[in-house]
Amino acid sequence: TEKSHALVTYFTDLVQRLALPSSLQQLGIEKTHLPDLVEGALQVQRLMKNVPAAVKADDVRDIYLTLF
């Protein structure tokens with residue numbers, strides 16, 4: 001919706017104005033860390049049990065890859 005796009009734009013602009021890191025790479029996280037990140041994410045049951053579909057390691061990995 002229009003409001004949700006405006007909110008994303010607002011936060012994107014805010015991150016840029018504050019010169020905050022906007023990627024995992026800028027935080028010093030390398031792709032070699034992905035297996036540990038994926039494993040950790042899959043163990044957060046309070047999040048995983050609320051997802052309406054089964055989440056696999058490849059799904060989590062794909063999400064992390066968009067953050068580089």
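This is a guided tour of a predicted model, taken one selection at a time.

**Whole chain**

Begin with the whole chain in cartoon view. The chain has four helices and zero strands, and its pattern along the sequence is α-α-α-α. The radius of gyration is 15 Å, well over the 11 Å that the globule rule gives for 68 residues, so the chain is more spread out than a compact globule. Along the principal axes, the C-alpha atoms fill a box of roughly 35 × 30 × 20 Å.

Switch to a surface view. The accessible surface of the chain is about 5,800 Å², and carbon and sulfur atoms account for 58% of that area. Of the 68 residues in the chain, 10% are buried. For contacts between residues at least 6 apart in sequence, 46% join residues at least 24 apart.

**Helix H1**

Select helix H1, residues 2–17. Lysine 3 is located in this helix. Lysine 3 is exposed, because its relative accessibility is 73% and the cut-off for exposed is over 50%.

Next, show the side chains of tyrosine 10 and phenylalanine 11. How many aromatic pairs does a search of the whole structure find? The search finds one. That pair consists of tyrosine 10 and phenylalanine 11, in an edge-to-face arrangement with 5.2 Å from centre to centre and 75° between the planes. The angle counts as edge-to-face because it falls in the class of planes over 60 degrees apart. Tyrosine 10 is partly exposed at 44% relative accessibility, and phenylalanine 11 is also partly exposed, at 44%.

**The loop between H1 and H2**

Move on to alanine 19, which lies in the loop between H1 and H2. Check the backbone here. Most residues other than glycine have a negative phi. Alanine 19 has a positive phi of about 55° although it is not a glycine. The residue is exposed, with a relative accessible area of 66%.

Serine 23 is in the loop between H1 and H2. Is serine 23 buried or exposed? At 14% relative accessibility, serine 23 counts as buried, because the cut-off for buried is under 20%. Setting aside neighbours within four places in sequence, serine 23 contacts Leu67 and Phe68.

Lysine 31 lies over the face of phenylalanine 68, at 5.6 Å from the ring centre.

Now select leucine 27, another stop in the loop between H1 and H2. Leucine 27 counts as exposed at 54% relative accessibility. From leucine 27 to valine 44, the C-alpha distance is 22 Å, for a separation of 17 residues in sequence.

**The nonpolar core**

Select Leu24, Leu34, Val38, Ala41, Val60 and Tyr64 together, and show their side chains. These six residues form the largest nonpolar core. Helix H2 (34–42) and helix H4 (57–65) each supply at least two of the core residues. Which helix gives the largest share of this core? The largest share comes from H2, with three residues. As general background, nonpolar side chains in soluble globular proteins tend to be buried together.

Centre the view on valine 60, a member of this core. Not counting residues up to four places away in sequence, valine 60 touches Val38, Ala41, Leu42, Met48 and Val55. Of these contacts, Val38 and Ala41 are also listed in the core.

**The loop between H2 and H3**

Finish at glutamine 43, found in the loop between H2 and helix H3 (45–48). Glutamine 43 is exposed, with a relative accessible area of 55%.

Conventions: Residues numbered from 1 in each chain as written. Predicted model: local features only at pLDDT ≥ 70, side-chain atom pairs only at ≥ 80, totals over all residues. Heavy atoms only, no water. Phe/Tyr/Trp six-rings, centres within 6.5 Å; stacked < 30°, edge-to-face > 60°. Buried < 20%, exposed > 50% of the residue type's maximum accessible area, 1.4 Å probe, protein only. Lys NZ or Arg CZ within 6 Å of the ring centre and 35° of its normal. Core = buried A, V, L, I, M, F, W, Y, C linked by side-chain atoms within 4.5 Å. Contact = heavy atoms within 4.5 Å. Rg over C-alpha atoms; globule rule 2.2 N^0.38 Å. Areas by Shrake-Rupley, 256 points an atom, 1.4 Å probe, with all protein chains shown as cover.
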